[in-house]
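Here are my notes on this one, as numbered points you can go through with the viewer open.

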Amino acid sequence: MQELDKDYASSFVKYSIVAVIILLALVLYLIYPYLLALLQLLFSNPSAILNTTLFKLLIFPGLIYVSIVALIAEWVERKLVARIQVRVGPFYVGGWEGLLQPIADLFKLITKEIIIPKHADKNIFILSPVLAFIVGALPIIVIPYSPTYVIWDYQFGLLLYFAILAFYPLVVLLAAWSSNNKYSFIGGLRALYQQASYEVPLFLAALPAVMLAGSFSLTAIASAQAKVWFILFAPLSAIVFFAGMMAELERIPFDMPEADSELVSGWTTEYSGIAWGLFQFGAYVKLLAYSGFFVTIFLGGWQGPAILPPLFWSLLKVSIVVLILLSVRGFFPRIRIDQLVRAGWGRLIPICILNIVIIALLQPYIVSILR
Amino acid sequence: MYLGDGGPFWFAVFLLIGIAGGLLFYLVAFILAPRARSAIKEETFESGQIPPGGKRVRLVMQYFAFLLLFLIFDVVSMFLYAWGASYYSFAPSQSIYAIVLLILLLPPIYITLKVAKSVGV
Amino acid sequence: MDFIVPIILIIFSSIAAILSLESRSLVYGAVSLAIFFLGLSLFFFYLGLTYLAIFQVAVYVGAIAVLIMFTVMVVGEGQRRKRSVPLLAMGLLGGAIILASFLMGISYFFSLPNPSMQPSFTLVSLARYVMDNYGLILFILALLLTSAAYGAVALARREVEETA
């Protein structure tokens, strides 16, 4: 047996304690006036809190909402897929039907030892789950759940969304390479090919929404669907976007990088404990971000009959999209890499282009309907 | 643009909270998790042998051409988004060049797929 | 006060660029190259060119940095070249000249009576202008890209055939 590498964990703990303290101090310094204003509103006019940006950032539709929904989505997925496969799913933990199972899993992962492989690139190995989590969580800033419930109504919201998601292949590549494992690296390269192949159909499928709304801002896109939802003008693009979404999230049927039976367990093989937990958590947060995006550009965001508030309609639509994405896992087999590449480049892109050309040629009629 | 009261400010705050949150996860884990290092635990996981020879290069370089193609399409979609944003102010006959550009994007894909199939990837 | 932001961004980008050339591991160099592209894109944000900034991130960091990192990881580390003082001196001189001209440009810009960070066109008007006057050039661009893609495929094909 060779001797061990130097103990990275102790130096990492020291540096990260300092980093966390500095970051939290910086955040508090930046937010301080808003926090004071929020506390004042708490005592004078509680219902106005819902309009402050700090509330939107932290609670809804920001961090706490996303975390809770990620945990619920984990439970729903396991129950749903279990019922589809004629078994029970989690039922032991928690009072009814295993509701506390995701929390139990979280505690289990936190208390598992983090093993850093020999000769791995330790800095990148430790930091890539954090990077994956951030890249998955950042896009929720621009997604609108109603005309007022959006953290940042950015003029180029759609482009910012794609710019943030363009970081993900980089993260996958870094995570796969830093494990110092030939199998994980090859699995990571295949994940990279999958991500790169399906980003182009995603870009092209979101183009009709920009064309029809005339703006890049997600709230403007959702507001422009007051008369007709964009999915009726661009059904092919919606289908392509849905397929591309499943591929970017690495969900079944595009599961090849994760559960590849010939390459052990894909590019996250060497990650144990909370490192792997952060990857999975980031995947569910990304699922929520993508579903919100899909609802905003194709299904009309918050538009719905005025009987119920717009917030209800947007949450209903996001829930339906998330449920469909979760349940697909029980129905389909896995796609091979060559089928995947052929489908992504050879079939999805021409369908997108067909839809764009149709919308471009039918411009006078569409303008008269929408305006 | 200075990080004043608007959007980029909250973006930066969100980013900082995200990084702090991720590192906090790790800190809690390093406190609660046991640490018993041994040489055998830190060996990389290999449940078989990779066959010797050139197979590994092939596995790695299989779809490299599609990465190059992705780069080209990324740049082209920049132009297409600029064209698409001006949708409400053009007539179909004026945007014939953009439509031809779109249709001309298809042959490279099919050539690449055909070459990939003939080589056997 | 207005001076501070571009100077901080320039220093940040320069440090990232120097790190990407001089770091001990090639993969760290590729990562700092990606950070350099990010710094450049923040500079475009500062100048008010938002569309360009976002696509700089999407194209350079999302595709080009990935390609460079892919190549470095697959091919592996090579031999480090030896340091040579004359080259270092020339490099420093060139960098100092570029930095000085950049600072002169910024101070000239701020000494104008009304420096405004907003460009005088919008994205839509720019798109209309390009389509109306340079539509044929877009067409030729498409032909060029098609031939470039075919060339890339041909090169990759020869690679694969040699090793198969």
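Predicted model: local features only at pLDDT ≥ 70, side-chain atom pairs only at ≥ 80, totals over all residues.

1. The axes of helix α7 (residues 168–177) of chain A and helix α8 (residues 182–213) of chain A come within 8 Å of each other, crossing at roughly 170°. Anything over 145 degrees counts as roughly antiparallel, so that is the label for α7(A) against α8(A).

2. Which residues of α7(A) do the touching here? On that side you'll find Tyr168(A), Pro169(A), Val172(A), Leu173(A), Ala175(A), Ala176(A) and Trp177(A). They meet a set in α8(A) that includes Ser184(A), Phe185(A), Gly187(A), Gly188(A), Leu189(A) and Gln195(A). Sorted by class, the contact of α7(A) with α8(A) has 12 nonpolar and four polar residues, with no charged ones.

3. Next, the A–C contact. Here 11 residues of chain A are in contact with 14 residues of chain C. On the chain A side, α6 (157–165) and α7 each supply at least two residues. What classes turn up on that side of chain A? It comes out as 11 nonpolar, no polar and no charged residues.

4. Now the A–B contact, which takes 74 residues from chain A and 61 residues from chain B. The helices of chain A that each supply at least two residues to it are α1, α2, α5 (122–137), α8, α11 (274–298), α13 (337–361) and α14 (363–370). Of these, α8(A) gives the most to the side that touches chain B, with 14 residues.

5. The predictor gives the complex an ipTM of 0.89 and a pTM of 0.89. Chain C averages a pLDDT of 81, and 88% of the residues score at least 70.

6. Of the 164 residues of chain C, 22% count as buried. Taking the contacts in chain C with a separation of 6 or more, 56% are between residues 24 or more positions apart.

7. Back to chain A, where the domain assignment gives domain 1 (1–58) and domain 2 (61–370). The C-alpha centres of the two domains of chain A lie 26 Å apart. Eight residues of domain 1 of chain A are in contact with 11 residues of domain 2 of chain A. On the domain 1 side, α1 (8–44) and α2 (53–58) of chain A each supply at least two residues, and the largest share, four residues, comes from α2(A). By class, that side of domain 1 divides into four nonpolar, two polar and two charged.

8. Have a look at the peptide bond from Phe60(A) to Pro61(A): it is cis, with omega near -5°. Pro61(A) is found in the loop between α2 and α3 (63–84) of chain A.

9. Val86(A) lies in the loop between α3 and α4 (101–110) of chain A, while Glu250(A) lies in the loop between α10 and α11 of chain A. Are they buried or exposed? Val86(A) is exposed because it has 6 other C-beta atoms within 10 Å. Glu250(A) has 20 other C-beta atoms within 10 Å, so it counts as buried.

10. Last one: Ser272(A), which lies in the loop between α10 (235–248) and α11 of chain A. It has 18 C-beta neighbours inside 10 Å and therefore counts as partly exposed. Leaving out residues up to four places away in sequence, Ser272(A) touches Lys112(A), Glu113(A), Ile114(A) and Ile115(A). From C-alpha to C-alpha, Ser272(A) and Tyr29(A) are 35 Å apart in space, and they are 243 residues apart in sequence.

Technical notes: Residues numbered from 1 in each chain as written. Chains lettered and ligands numbered in written order. Axes fitted to C-alpha atoms, helices over the stretch in contact; angles between N-to-C directions. Parallel < 35°, antiparallel > 145°, perpendicular 65-115°, else oblique. Contact = placed C-beta atoms within 7 Å. Nonpolar A, V, L, I, M, F, W, Y, C, P; charged D, E, K, R; others polar. pLDDT = per-residue confidence, 0-100. Buried ≥ 20, exposed ≤ 12 C-beta atoms within 10 Å, placed from the backbone. Domains from an automatic or database assignment.
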